[in-house]
Amino acid sequence: MARFLLRIAAPIVLVGSLFFFSVPSVFAATQASLVGPKSHYLALGDSLAYGFQPNFNFSHGYADDFYADLKGHGTTSYANMGCPGETTTSMINGGCSFSVLRKFPYIGSQLNAAVLYLELNPGRVSPVTLDIGANDMLKDINTSTCTVSSTWESDLATVDANLRQVILPKLASAMTVNGQRSGDLLLMNYYDPYQNKCPGELPYALELNQHLAADASGYASLVDVFSPFGGAATPNPNICGYTWMCSWFHDIHATSTGYSVIANAFERTAGY
């Protein structure tokens, strides 16, 4: 049974979140006016939003930690639609690889479910947190040889198009009531779990986060996770403590400590 569970966990571990970089000078330009917390909190994204850990502790993710903080500000409801393995394309069209692990039940794509949730609770949802895009780029990375595929740029363009033309506009529209934004949309960038193993890939991770910052502009406030995870330092001493990379799992997901660091980054950006 343990061997079977590990076989299931392995692909989830790989798809959760891949690169993680940020450009602080870009962040300021992507900050939107903040509304503040409301009664409902909605978490969206991939396995990081879900709170996946390879030891099957799924209750100490960043969304769980952020919700614990939000309860002190009057938030009483929490819906986590994050799906391990979600890409920007599957978020739009459905087909998330590990939808059986969903914490919040819904039918169809995560984006459609999120829009419906927002429409059923007009003016009562804030914040909405999102991390998405890393899994789109997974197939371009070979961590055995520390090389990046020639399809990187075209896949990155898909992430941009899906975020900028579909996901963020639809979420922003569903969060607009009587012509006014009724809640805060927060998009996080990524840390780089392979920062010590493949330091030569840092420019690609940085590029992904630069694109996420540009995509967020006008729609969401960008949350800098890369910097509190240790920034661009190589070797990065936080990788072992904040992720499972140095454990026998050799897993890219955050530990409970790492998820707490991510939650704190959301709290600092939101200011509540």
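Q: Why is Lys139 called exposed?
A: Lys139 has a relative accessibility of 62%. Exposed means over 50% relative accessible area, buried under 20%, and partly exposed in between (1.4 Å probe, protein chains only), so Lys139 counts as exposed. This is a predicted model, in which local features need pLDDT of at least 70 and side-chain atom pairs count only at pLDDT 80 or more, while totals for chains, interfaces and linings use all residues. Residues are numbered from 1 along each chain as its sequence is written, and side-chain values use heavy atoms, with hydrogens and water left out.

Q: What makes the contact of Lys139 with Asp155 a salt bridge?
A: A salt bridge requires a side-chain nitrogen of Lys or Arg within 4 Å of a carboxyl oxygen of Asp or Glu. The N to O distance between Lys139 and Asp155 is 3.5 Å, and therefore the pair meets the definition.

Q: Why is Asp155 called buried?
A: Its relative accessibility is 12%, so Asp155 falls under the limit for buried residues.

Q: What makes Lys103 partly exposed, and why is Asp64 called buried?
A: Lys103 has a relative accessible area of 32%, whereas Asp64 has a relative accessibility of 18%.
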